[in-house]
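Here is a short note for a colleague opening this model for the first time. Please read it with the structure in view.

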Amino acid sequence: MQHADPHQSSSATLAPLRNGVFCSIWTASQISSLGWLVQTVAISWLMATISVSDLMVALVQAASTLPVLLLSILAGAIADIFSRRWVMFAGHCLLALASTTLMISVGAGFVSPWLILGLGFLAGCGFALNDPAWHASMGDILHKREIPAAVTLTSVGYNIVRSVGPALGGVILAFFGPLAAFGLAALCDLTPLCAIWRTKWNARASPLPREKLTMAVHDGLRFTVMSLEIRAAIARATLFGVASISILALLPLVVRDQLNSGPIVYGILLAGYGTGAFIAGMSDGFLRRIMSQNKMVAVACVACAVCCLFLALTDSVSVAAFSLALGGGGSLITWTGTDVSVQLASPRWVVGRTLSIYYAFSAGGMAAGSWVWGTVAQNYSLSWALEGAAGALLLVAAAGLLFPVRPWEEADQESSDFLVPDLALNLKPRSGPIGAKIEYSISEENIEAFLGCMRARRHVQSRAGARNWTLQRNLQSPKVWTETFRTPTWMDFLRLNHRLTAADKDVVEHLQSLHDGELPPQTVLSIERTTDAARTPPIELVSRPLR
C-alpha cells in the first residue's frame, strides 16, 4: 500500500486555486454564501418578530430549499443547453434581486411574512439555477484530474463559512439590526456577479442546434437511468441524506434537552462540525491514496454513525463537539465522493443534467430524513431517533456492497469528432424515423468476445439516444451479425453520434478488431416511409463507414 505525504495531499487539494478563473469564482461563492447565511439568520428572526405563526417561521427554510427540489432537473437541462457561464450569472442575478428587494423593503418599513417567503423562494430559484451550472463548469475550467479537489474545496469552503456565518449574523442582528444584515447580504451577492462578468472560460460547443428543453430533460433522465455508476452514486447519496441529516436536524434538541445549554453552545458545536469537515477536506488526497473511494465512503458513514451514538448518549459539550467533528468529516467525504463520481461518469454534454438529478434526490432524501427523525424524536425520544439514525448510517455503509461508488479514474468524456455521412437525399432535421444497420463478420472463436463487446455497445448507443436496438445473426450465413437501431429524426441520429465520447469509441475499435471481413463494417442508413400512396416509397441511403 502506497503512503502519501500529508503536505503533498494538502497541496493537491489546493491545486485548483492556482487556476485564476476557478479561484476567482470560488472565492466569490464563499463570500456570497457568507452573506446568505447572515441573511438566513436575519430572515428567521424577522419572521419570528412579525408573525405569531410557528408554521410561517418553519416555512422560511422550506421556501429557499423547495426550488432546489422542484427545479434542479430543469436547471440542469438549461445548464447543458445554454452557456453555463451565463446561466450562473442569471442565477446570481436572482439571488442579488431577492437580497436587494428585501433590504429595500425592510428599510422602507414595508415587510410581511408572505413577502419574506416569496423572496426566499426567489433566492432558492437562484440557487437551483446556479449550482448545477457551477459544478458542471468545473470540468470546463479545470483538468479532469483536478475535479475531485475542486469539489472538495467547494464543500470545505461552505463548511468553513457555515461555521462562522450564523454567529456573524447573530452579532450583526444584535448590534446593528436586520437592515444591516440584509445590506451585507446584498453586497455579498454582488461579488459573484462581478467575478463571473470578469472571467471567461472555454467550453466545447456542439455544432448542432440547441435541443428543446423537454427533450433535454428526457435525454438526461434516460442517460442517468442507464448509467450504473451514476445510479449507484445517487442511491448512496439519497440514503445517506435520509440518515445523516439527523445530525444537524436534531442538534438544536440535543443542545436544549441533553446539554441543557443555549445558542452559544449551539454555535460552538456547529463550529466543531465545520472544523471536522475542514480537516477531512485537507486530508482527502491522502485518504484517497491509502484506501479505495468506496471504502472511504463506507468509513465516512461509520464515522457519522459514531457521531449519532455519541450525541445520543453524552451530556458533555466537549464530547459532543468531538463527535460533531467526526460527523462533519464523514459528511464531507461522503458528499464529495458521490458528487465527484457523478461528474466523472458523465460526458460533458449531459453533466449538468446528471448533477441536477443527483441534487434533487439528495435534497429529497434530506427533507424526508428531517421529517422521519423529527417524528421519531417527538413520538418516542431524542435518543431513539439518534440511535435509529446511527443504525441507518451503518446500513448505508453496508449498502456499498450493492451500490459501490466508482473509483475516481480519468476517462476521456469529451465528445469525439463525427464525420457526417454522405447521403443521396437532402434530409431536413425533422426527417425520420431513421434506421441504421451495421453488419459484422465474426468467426466462431470470437463470438463470445463479440457478444460481450455488443453488450457494451448496446449500453453506449441506447443511453446516447438509440432506440429499438437489436442484434441479429444470419441463419444462412452464421458468420454475419447485424446490429440495428432507430432514431426518431435525422437530427436525433446526428446528436447520438456527437454524444459518443472517445471512451465510447473504444468499443467501436474493439468491434472492428473482431471483424474479419475484407472491408470495415459498413453502416446502412434508411428512412422509414408508410405504404400510403400519397407518400414517397422508402429509399435506402447508403453512407460511408461511420467514424
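The points below go from the whole chain to single residues.

1. Overall make-up. This is a predicted model. The protein chain has 18 helices and five strands. It has 547 residues, and buried residues make up 52% of them. Take the contacts between residues at least 6 apart in sequence: 82% of these join residues at least 24 apart. The chain exposes about 24900 Å². Carbon and sulfur atoms supply 64% of that area.

2. The largest nonpolar core. Start inside. The largest nonpolar core holds 53 residues. Ile 247, Leu 269, Leu 311 and Leu 324 have the most contacts inside this core. Six elements are listed as giving two or more residues to it: helix 9 (228-258), helix 10 (263-282), helix 12 (293-313), helix 13 (317-344), helix 14 (351-379) and helix 15 (382-398). Helix 9 gives the largest share, 12 residues. As background, nonpolar side chains in soluble globular proteins tend to be buried together.

3. Which residues does Leu 324 contact, leaving aside its neighbours within four places in sequence? They are Ile 247, Leu 251, Leu 269, Gly 272, Tyr 273, Cys 307 and Leu 311. Three of these names, Ile 247, Leu 269 and Leu 311, are also listed with Leu 324 for the most contacts inside the core.

4. A second core. There is also a separate nonpolar core of 35 residues. Its members include Phe 89, Leu 129, Leu 332 and Ile 333.

5. Leu 66, Leu 69, Leu 70, Leu 71, Leu 74, Phe 121 and Leu 213 make a nonpolar surface patch of about 540 Å². Which element gives the most to the nonpolar patch? Helix 3 (residues 54-81) does, with five residues. Leu 71 lies in helix 3. Its relative accessible area is 31%, so Leu 71 counts as partly exposed. Patch residues need over 30% relative accessible area.

6. Strand 3 and its two partners. Turn to the strands. Strand 2 (residues 467-473) pairs with strand 3 (residues 480-487) in the antiparallel sense, over five bridges. A hairpin of six residues joins strand 2 to strand 3. Two bridge pairs can be checked by eye. Thr 470 has Thr 484 in strand 3 as its bridge partner. Leu 471 is partnered by Glu 483 in strand 3. Strand 1 and strand 3 also run antiparallel, joined by eight bridges. Gly 435 stands opposite Arg 486 in strand 3.

7. Burial of strand 3. Is strand 3 largely enclosed or open? Six of its eight residues are buried, so strand 3 is largely enclosed by the rest of the structure. Buried here means under 20% relative accessible area.

8. Glu 439. This residue is in strand 1. Its relative accessibility is 41%, so Glu 439 counts as partly exposed. Not counting residues up to four places away in sequence, Glu 439 touches Val 480, Trp 481, Thr 482, His 515, Pro 521 and Gln 522. Gln 522 deserves a look. It is 83 residues from Glu 439 along the chain, yet their C-alpha atoms are separated by 6.2 Å.

9. A cis peptide bond. Check the bond between Gly 432 and Pro 433. It is cis, with omega about 0°. Pro 433 lies in the loop between helix 15 and strand 1 (434-441).

10. Positive phi values. Asn 260 is not a glycine, but its phi is positive, at about 50°. Asn 260 lies in the loop between helix 9 and helix 10. Its relative accessible area is 63%, so Asn 260 is exposed. Asn 468 also has a positive phi, near 55°. Where is Asn 468 found? Asn 468 is in strand 2.

Conventions:
Residues are numbered from 1 along each chain as its sequence is written. This is a predicted model: local features need pLDDT of at least 70, side-chain atom pairs count only at pLDDT 80 or more; totals for chains, interfaces and linings use all residues. Side-chain values use heavy atoms; hydrogens and water are left out. Two strands pair if DSSP finds at least two bridges between them. Helices (H or I, at least four residues) and strands (E, at least two) are DSSP runs, numbered from the N terminus. Buried means under 20% relative accessible area, exposed over 50%, partly exposed in between (1.4 Å probe, protein chains only). Contact means heavy atoms within 4.5 Å. Accessible areas come from the Shrake-Rupley method with a 1.4 Å probe; for residues, only the protein chains shown count as cover. Patches are made of residues with over 30% relative accessible area and no salt bridge: like charges are joined within 9 Å, nonpolar side chains (Val, Leu, Ile, Met, Phe, Trp, Tyr) within 5 Å. A salt bridge is a side-chain nitrogen of Lys or Arg within 4 Å of a carboxyl oxygen of Asp or Glu. A nonpolar core is a set of buried Ala, Val, Leu, Ile, Met, Phe, Trp, Tyr and Cys residues joined through side-chain atoms within 4.5 Å.
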